[in-house]
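Thanks for making the time.

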Amino acid sequence: MNVRDTGDLWWKNAVVYCLDVETYMDWDDDGVGDFPGLLQRLDHLADLGVTCLWLMPFYPTAERDDGYDVTDFLGVDQRLGDLGDVVELVRTARDRGIRVIIDLVINHTSDQHPWFRSARRSTSSPYRDFYVWRSDEPPPTKDQVVFPDQEDAIWTLEEKTGEWYRHRFYSTQPDLNTANPQVRDAIAKTIGFWLELGVSGFRVDAVPFALADAAATPGDAIEDPHDMLRALRAFLGRRSGDAILMGEVNLPYLDQARFFGDGDPGDDDPGGSTSTELTMQFDFNGMQALYLALARQDAGPVAAALRERPPVPHDTQWATFVRNHDELTLDKLSDDERAEVFAAFGPDEAMQLYGRGLRRRLPPMLDGDPRRVRMVYSLLFSLPGTPVLFYGEEIGMGENLDAPGRMAVRTPMQWSAGKNGGFSAAPARRLAGPVPDGGYAPEHVNVADQRRDPDSLLSFVRLLAHRYRACPELGWGDAQVLDQPEASVLALRTTWQDASMVSLHNLSAEPAVVPLSLGDLPDGARLVDLLDGDDVEPARDGSAEVRLDGYGYRWLRITDPSSRRLL
C-alpha cells in the first residue's frame, strides 16, 4: 500500500447522506423535525450503509432562507434542540460508524445577525467592515443576481447611513467581507468550535461567492482570495487532521480545479500543505451531463464529462450526486441542451426554476420507471468519486410542486403510510413543509413498507452502498472510459492496486450486447457480477461480450484466482 493510501483518508470511499433536521423526524410532535428525532433514525442510516451524515444548517436563523440566513454561527435553533443534542448525535453516530459534517456558511449572514445589526446603524461600528459597503450609487446589477425572481440588484441602500451593502443572494443576507482578517478569524473560530464538539468537517456553502472580491478592501492583508481557503484548510488540519472541507463550487472544470489547490499535504506537515484547499468538491458538471445523457438516452455526455475531469491532488476527491437540496441546476449546459432536458424532465414551467434548473426529484422525472431509477443510482455509486445522497432518495420520494421554489424537494421524510408520513403527529398546517400527495404520497412511498420488501428501491440502494464500500477501487481508483460501439452504454473500468471493476450502464430502453476488450488478464480470471450473480467468463485474449437489458446495469469485478480480496 502506498504510504498515502491510508484509512485516515476516509472520504475517499465514504457514503454521504444529506438531510435537514427540520424535515427529517419530529420527536416532540410540534411539526418541526428535531435532533431527538434524528437520533431515533440513525439506525436507518447505519443499515443503509451511510458513513458520513451531512447536516444542512441547524443554527439560529431569521427563517427567511431555510436556515441559510444564520443569526448565530455558534448556536442551535431552539426548535431543533440544543448543543447537548448535537454532541449526543455526533457521539451516537460515531458509535455506528457514521461521521457528521455540517454546513458552513461563510459568504453571508442574516440581516438579523448581531454583527449586521450593529454595522447598519453607523459607519463607525466595529462590525462595519465585516460587510461590503459602497458610498456611491451602484450601476444596475440585475444580471448578477442569484435569485432573479426575488431580487433586482446585488446592492441595497441602508437609509440610516446612506450607503449600499452587497448581497449576492437575498437582500436579507448581506455578504461578509472575507478580506477582513477579523472575519476570517471569526470563521476559523466557528470551525474550531464545532470541531471541539466532534464534527468531522464542513460542507462549505457558495465558495466562489465567498472568495469573490476578497482582495478589494484597501488595507486588507490578503492578496489572493484563495489564500483564505488555504489558511482555513491548514487550520482545519492542525485542529483535526482527518476533518474535511467539502465545497460547493459550481464552475467549469478548469476553474473548479483551482479550489482543490496544487498539492498534497506533505509527510512532514501534519497540518496540511498551505497549497491545499478544499478536500472535496461536488461534480456539478458531471451531474448536468448525466441529465443531458438521460434525456438523449445516449451515454456520450457523461463519458465526455469524465474525460474532461482534470487531475486533482491525491488527497482530494470528487463528490458525485443525482440531486441536492437546491435547484437541479443546468447552468453549464448550452441553451439548446438545457431545452432538451427541460422538454424531457420538466416541460411545465412550474417544474423549472429561474430558467436554469429543475425543482424536481428523479423518480417523477423518469415517470416512476423503476428500471431507469435503479440504473441511475447504480451509475451514481459506480462513478469515480464519493456518492452523496439527498434524504428520501433511498425510497424514491417525489417533489411537491405546491411548495415554493426550492422547497419543492425539501418536504418531510416519509417514514410510514400513516399520518404525515410518520414524520410528525402535528396538524398538517404546522408541519415544516407540505407532504407530497398523489402517486408519491406516503401511502405509496415510505421507509416502513420498503424495509419489509427485498425488491424495494431501499433494498437496492442499500445493496449499492454496501457493494461500493466493499470495492475500494471505486473511491480510490482511476477510471477509464472503455471504447465500445453502443452509444447508449457507458462502460467504465476502474482500477486501484490489484482491484479492478468494469461497470456498464445502458441509458436506452433497447437491449444491447457490449463487446469489451480488457487486455491481458490473469489465467482463470472471471468477471464476477456483484449485483445479481450473473458472472461473465472472458476469452483468453481478454475479450468478452456482456448483455444488457434496456436500462440495464452490471458491476463486474475482475477476479484473479490468486487474489485474497473478498467478493
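I need a definition before the first number. On a 1 Å grid over the protein atoms alone, a pocket is an open set of points with protein on both sides within 12 Å along at least five of seven lines, while a cavity is a set of points where a 1.4 Å probe fits but cannot get out. A residue belongs to the lining if it has an atom within 4 Å of a point. Grid points are joined across faces, edges and corners, and the volume is the space filled by probe spheres set on the points.

Two sentences on the ground rules. This is a predicted model, in which local features need pLDDT of at least 70 and side-chain atom pairs count only at pLDDT 80 or more, while totals for chains, interfaces and linings use all residues. Residues are numbered from 1 along each chain as its sequence is written, and side-chain values use heavy atoms, with hydrogens and water left out.

Now the largest pocket. Its volume is about 670 Å³. There are 26 residues in its lining, and Val146, Phe169, Phe209, Glu248 and Asn250 lie nearest the centre. For classes, Ala, Val, Leu, Ile, Met, Phe, Trp, Tyr, Cys and Pro count as nonpolar, Asp, Glu, Lys and Arg as charged, and the others, Gly among them, as polar. On that basis the pocket lining has 12 nonpolar, five polar and nine charged residues.

How many cavities of 30 Å³ or more does a search of the whole structure find? Four. Of the 16 residues that line the largest cavity, Asp283, Gly286, Met287, Thr320 and Leu383 are nearest its centre.

Among the residues lining it are Phe73, Trp115, Leu176 and Thr190. Helix α6 (residues 181-196) supplies the largest share of that lining, three residues.

On to a helix, α12, residues 335-345. Which of its residues are buried, meaning under 20% relative accessible area? They are Arg338, Val341, Phe342 and Phe345. Looking down the axis of α12, these fall within an arc of 100°, so they line one face of the helix; the arc is that of the directions from the helix axis to the C-beta atoms. Asp336 and Ala343, on the other side of α12, are exposed, which is to say over 50%, with partly exposed in between and a 1.4 Å probe run on protein chains only. The cover over the buried residues includes α10 (284-296), β12 (352-353), β13 (357-358), α13 (362-365) and α14 (370-382). Contact, in this talk, is heavy atoms within 4.5 Å.

Last, salt bridges. The rule is a side-chain nitrogen of Lys or Arg within 4 Å of a carboxyl oxygen of Asp or Glu. By this rule there are 37.

Take Arg451 and Asp47, whose side chains meet in a salt bridge at 3.9 Å, N to O. Arg451 is in helix α15 (residues 447-451) and Asp47 is in helix α3 (residues 42-48), so this pair ties together parts 404 residues apart in sequence. Arg451 is partly exposed at 47% relative accessibility, and Asp47 is partly exposed at 32%.

In the pair of Asp77 and Arg79, the closest N and O atoms are 2.8 Å apart. Here Asp77 is buried, at 7%, whereas Arg79 is partly exposed, at 24%.

Arg91 and Asp95 form another salt bridge, with 2.7 Å between the closest N and O atoms. Both are in helix α4 (residues 83-95), four residues apart, about one turn of the helix. Arg91 is partly exposed at 41%, and Asp95 is exposed at 52%.

There is also a network of salt bridges, linking Asp65, Asp66, Asp326, Arg406 and Arg410. I will stop there.

Note on methods:
Helix = DSSP H or I, 4+ residues; strand = E, 2+ residues; numbered from the N terminus.
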